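Reader: I am new to this structure and would like to understand the words used for it. Could you take me through them with care?

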Amino acid sequence: MGAPTVASPVPREQRELVRAMLARLPEFSDRLAKLLTEEEEFYRRVDNVAPEELRRVCRANLERALNSFIEGRGLALDAARKTGLAQARQGIPLSAGLRAFRIGGTFVYETLLGQAGPVVITSAQTVELSSCVWKTIDLYSDALANAYNEVARETSQENGRARLHLLDSLLQGRLSNQLELEDAVRALGLPTAGTFVVVAVENVTRGGESDGRDSVETLLLARRWRSVWRPGGDGETGIVVVDRTEDVHRLREVLGSKSLAAGMSRPFTALTEIPGATQRARVARRTLSPGSTGVIVFGDSPVTTLVASAPAMGRDVVRSVLSGVLQLAQAERKVLLDTLFAWFAGHGSAKETADRLFVHPNTVRYRLRRVQDLTKRDLTDPADIGELYVALESVRLEAEPGTN
């Protein structure tokens, strides 16, 4: 960007016309500035505020372009780029800048012809001069458009950072004033009143592919659910607008159709509840075993929710209750833990547990006695059973069960 383009010197007769125009540069700069203010509203405003600046820019561009015609050197486009950057940041439409270049090019062409008589410049030279002028206009226009694109990218990045900062403030509870909350959700494209849920999503890879936030957002948009999402290192968190509380069931079904591990808060209506709902959605997501998929609403399983909300305490319970089991060799430890999982899933029935594990009921009874001996817990005592269940759920939620 800004690199000179290859040019060739114009013929001698045309160089004389260009030199004559350069000799009267202040006059022609004023005329071009006046023409721009007459033809283009934005430059009329510039002329009202800073007339000398407009004439200075006109003079610099005219001088640079005319000298390049005479010398046949490369046409530096830095000036056009700087002009484009300045105008884009001031909010001047690209169309106004492009039109200004066309007006300027036409002005140069007509001024040069106006100084020439039929003997000085031939018809063929007139065509050549026209081609040279319009080639310059094209080059300047391209540089201007590139500058506008550059500013647009910068603005998009700045807007994206500002949007993420605003969303973080909402999710983390940094906004407590009702007016600030309403301004924030409005800026994010959400309504200031309605029913909301917070969803915490973690992508789960299957066969080298994964369903990302974009897929979820597309699904929600197809059902006219507005949402805004915050990407993060451990997944993404979104605020979803639902029309009715009943839509939460439909939302859960939609999310369940994807290979996702997702946690949902319960529906709420007050914007001040967003930070708490965010925490609950993330806790709900942690109630899923590592690597598994599904959608869990906060509180679906109170004990598991409690374990997921206090993982450090859960590990303490595991060490206290299952230390004897965890000290076994990995193969034996896995057998006993799997049996205990199946026993809880089978509602404490040895026969149902045996059916789940494809073993004899007596084998199940033997393994359960082994668990009781190692944990010093009685599987007929409700308190002991509760402790074992909490410890087992903590093991299930750990990425590497049984390690410390």
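Author: Let us begin with a definition: a residue is called buried under 20% relative accessible area, exposed over 50%, and partly exposed in between, with a 1.4 Å probe and protein chains only. This is a predicted model, in which local features need pLDDT of at least 70 and side-chain atom pairs count only at pLDDT 80 or more, whereas totals for chains, interfaces and linings use all residues. Residues are numbered from 1 along each chain as its sequence is written, and side-chain values use heavy atoms, with hydrogens and water left out.

Reader: Why is Arg224 called exposed?

Author: Arg224 has a relative accessible area of 76%, and the class of exposed residues takes values over 50%, so Arg224 is exposed. Arg224 lies in the loop between helix H9 (213–222) and strand E2 (227–232), where helices (H or I, at least four residues) and strands (E, at least two) are DSSP runs numbered from the N terminus. Although Arg224 is not a glycine, its phi is positive, at about 65 degrees.

Reader: How do you know that the buried residues of H15 line one face of the helix?

Author: The buried residues of helix H15 (residues 350–357) are Ala350, Thr353 and Ala354. Seen down the axis of H15, they fall within an arc of 100 degrees (the arc of the directions from the helix axis to the C-beta atoms), so they line one face. These buried residues pack against helix H14 (330–345) and helix H16 (361–375).

Reader: Why is the pair of Phe28 and Phe107 called edge-to-face?

Author: Rings of Phe, Tyr and Trp (its six-membered ring) pair if their centres lie within 6.5 Å, and planes under 30 degrees apart count as stacked, over 60 as edge-to-face and the rest as tilted. A search of the whole structure finds four aromatic pairs. In one of them, the rings of Phe28 and Phe107 have their centres 6.3 Å apart and their planes at 70 degrees, so the pair is edge-to-face. Because Phe28 lies in helix H2 (residues 25–39) and Phe107 in helix H6 (residues 94–115), the pair ties together parts that are 79 residues apart in sequence. Both Phe28 and Phe107 are buried.

Definitions and conventions: Contact = heavy atoms within 4.5 Å.
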